[in-house]
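I opened the structure viewer and kept notes as I went. The entries follow in the order I made them.

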Amino acid sequence: MSTALVSEDSLGASGLRLSGISVALGGQAVLSDVSVSVAAGEIVALQGPSGAGKTTLLRVAAGLIPAAGIIAVGDDIKARPALIFQHHALAARLAVLDNVLIGSLSRIGLLRTTLRLWPDAEITYAEACLAKVGLASFGPRRADTLSGGQRQRVAIARALAQRAGVLLADEPVASLDPESATLVMSLLRDLAHNEGLAVLVSLHQPDLARLYADRSLRISDGRIVDHDVFGLLNSTA
Amino acid sequence: MRKGMRATRLKAGGVLIVLALVYAFCLWVVSPDLGRLWSGLPRLMRWLATGFPPDFSGPYDLALRASETFAIATLGTTAAAILALPMVLFAARPVMPVAWLYHPVRAVLDTLRGIDALVFALVFVAAVGLGPFAGMIGVALHSAGTIAKLWSEALETADLAPVEAALSAGSSRAQAFVFVLAPGTLPQTASALLYMWEFNIRASTVLGVVGAGGLGQDLKNAIDLLDFGRVLADLIIIVAMVVAVDRMSARLRRRLL
């Protein structure tokens, strides 16, 4: 499959910029003046203990939680990154290809959605996304027949179908066996290094961060408290 | 600790006393008399015995009545589903576009469910005259409330993670509903619809009592004339129809899972 996942008009050449993000939930500050930037072609690990604010930061960046501050993909403050959820969040009864096409819903109307009339270009693109995650032949299968690792790869394909240029992954390997975790992390690194996407991934495992990320940010009590660069180690995909 | 246990015991005792009072009231109102039942059984058995052999005379008329019952239930359930669809959009929290309409719409559903199809049919006989049309309206109105409630509960208990994923991918709420939530809850919603169809086949037989057509009409006439052969024939056809529809819907449900 030769369809490029990052086209000229997509935001592949742009990175993610979160600036001065603050969130309070129930009167409690969850994020305080957090600033993060991820360059195109870079994969950054977000680390920290449970409750530190990793998931909240990713959900803010994806536009799911309102927050004070600036969220921009490149220079575009209206664009939103694609989010890969911790437990894949696939529609279990839908076919794998339909799940990937969910990433294209913003580009088609309600009538086409209702009648399942997908433009050929969207289907071709969704198939290319599936091929990119190594599941080219899985399109017609129901999502609930896949293994955990396969489902997470379909979730990545769905995020790719958004053509967002920036991928956010919320503990994408938390519930996977070591082999599947390796596969998913390699895939995310390849998407950054080879496809030019900016990838921000929250991880609990420091060894995975060291192996697959270019940089690591440590978040604690809603603030960025530490910063590691592994770029030399992971500069080759 | 002991204080808490004592309070629990007192509460349980209070509940038991209230239950006993409720049952005492019900027994006083119904006045069940097993002696009267026992003495009436021989008469009932004599009547049942006169029902053999069942009277299937006039098969064309019987088939017409049976088809009326089937049509009342099928069209009534379909119309109910069409009525329920817009209501469910306002009665299920995950899809509800206007928050303040939630409770009023729920109240409408409760009202529709609270009035039996028989009562609706009786009212609409006055409006559209005797016949299956009044029965269909009765079935449709009562079932719309039930179907909308069952559907809204299916939507409210659905896994909303895929819906959130679709919304975060930029889909509209309507798109997320038709492409993700509706197919995701299809086994529950279709099952509720098929259940209502089965239920309405049974319910439609009773509608004849108020002149709304179907086998119930034939059954009522037969009971009025003490024609127990005919009563038995009607009951056999009703049971056969219910069993057939039950099998058919069970097969459909299996295919939808």
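**Entry 1: a cis bond in chain B**

I began in the loop between α2 (34-50) and α3 (59-91) of chain B, where P53(B) lies. The model is predicted, so I noted every value as computed. The peptide bond joining F52(B) and P53(B) is cis, with omega about -10°. Most peptide bonds are trans, and most residues other than glycine have a negative phi.

**Entry 2: positive phi in chain A**

H88(A) came up, with phi near 55°, and it is not a glycine. I found H88(A) in the loop between β5 and α2 (96-101) of chain A. Is H88(A) buried or exposed? I counted 26 other C-beta atoms within 10 Å, and 20 or more make a residue buried. So H88(A) is buried.

D221(A) is another non-glycine with positive phi, about 50°. Its loop runs between β8 (215-220) and β9 of chain A. D221(A) has 14 C-beta neighbours inside 10 Å, so I logged D221(A) as partly exposed.

**Entry 3: the sheet of chain A**

I traced an open sheet of 6 strands in chain A. Its order is β5-β6-β7-β3-β8-β9, with mixed pairing. Which strands stand at the edges? They are β5 (82-84) and β9 (223-229) of chain A. Each has a single partner strand, so one side of each lacks a neighbour in the sheet. Ignoring direction, neighbouring strands are turned by 20° against each other on average.

I then checked one pair inside the sheet. Strands β6 (residues 166-170) and β7 (residues 198-202) of chain A run parallel and are joined by 5 bridges. Opposite A169(A) I found V201(A) in β7(A).

Two helices that pack on this sheet went into the notebook. Helix α5 (residues 148-161) of chain A touches β5 and β6 of chain A. The direction of α5 makes about 175° with that of β5(A). Helix α6 (residues 178-193) of chain A touches β3 (43-47), β6 and β7 of chain A. For α6 the angle with the direction of β7(A) is about 155°.

**Entry 4: the core**

How many residues has the largest nonpolar core? I read 140. L168(A) and V199(A) have the most contacts inside it. Helix α6 (residues 132-156) of chain B gives the most to this core, with 12 residues.

I listed the contacts of V199(A), leaving aside neighbours within four places in sequence. They are V38(A), I43(A), L167(A), A169(A), L188(A), L191(A) and A192(A).

I looked at helix α1 (residues 54-61) of chain A. The buried ones are K54(A), T56(A), L57(A), L58(A), V60(A) and A61(A). Just after α1(A) comes G63(A), with a positive phi of about 85°.

α7(B) is mostly covered, with 6 of its 8 residues buried. I noted P162(B), V163(B), A165(B), A166(B), L167(B) and S168(B) as the buried set. What covers them? The cover includes β5 of chain A together with α8 of chain B. G170(B) follows α7(B) and has a positive phi near 100°.

**Entry 5: where the chains touch**

I took the contact between the chains next. It uses 18 residues from chain B and 22 residues from chain A. On the side of chain B, α7 (161-168) and α8 (173-184) are the elements giving two or more residues. α8(B) gives the most there, with 7 residues.

**Entry 6: a helix pair in chain B**

Last, I examined helix α9 (residues 186-207) and helix α11 (residues 228-256) of chain B. They pack at an angle of about 175°, with axes 10 Å apart. An angle over 145 degrees counts as roughly antiparallel. α9(B) and α11(B) are therefore roughly antiparallel to each other. The contact has 12 nonpolar, 3 polar and 4 charged residues. On the α9(B) side I noted W197(B), E198(B) and R202(B) among the residues that meet α11(B). The α11(B) side includes M241(B), D246(B) and R253(B).

Methods: Residues numbered from 1 in each chain as written. Chains lettered and ligands numbered in written order. Predicted model: local features only at pLDDT ≥ 70, side-chain atom pairs only at ≥ 80, totals over all residues. Axes fitted to C-alpha atoms, helices over the stretch in contact; angles between N-to-C directions. Helix = DSSP H or I, 4+ residues; strand = E, 2+ residues; numbered from the N terminus. Parallel < 35°, antiparallel > 145°, perpendicular 65-115°, else oblique. Contact = placed C-beta atoms within 7 Å. Nonpolar A, V, L, I, M, F, W, Y, C, P; charged D, E, K, R; others polar. Core = buried A, V, L, I, M, F, W, Y, C linked by C-beta atoms within 7 Å. Buried ≥ 20, exposed ≤ 12 C-beta atoms within 10 Å, placed from the backbone. Pairing = 2+ DSSP bridges.
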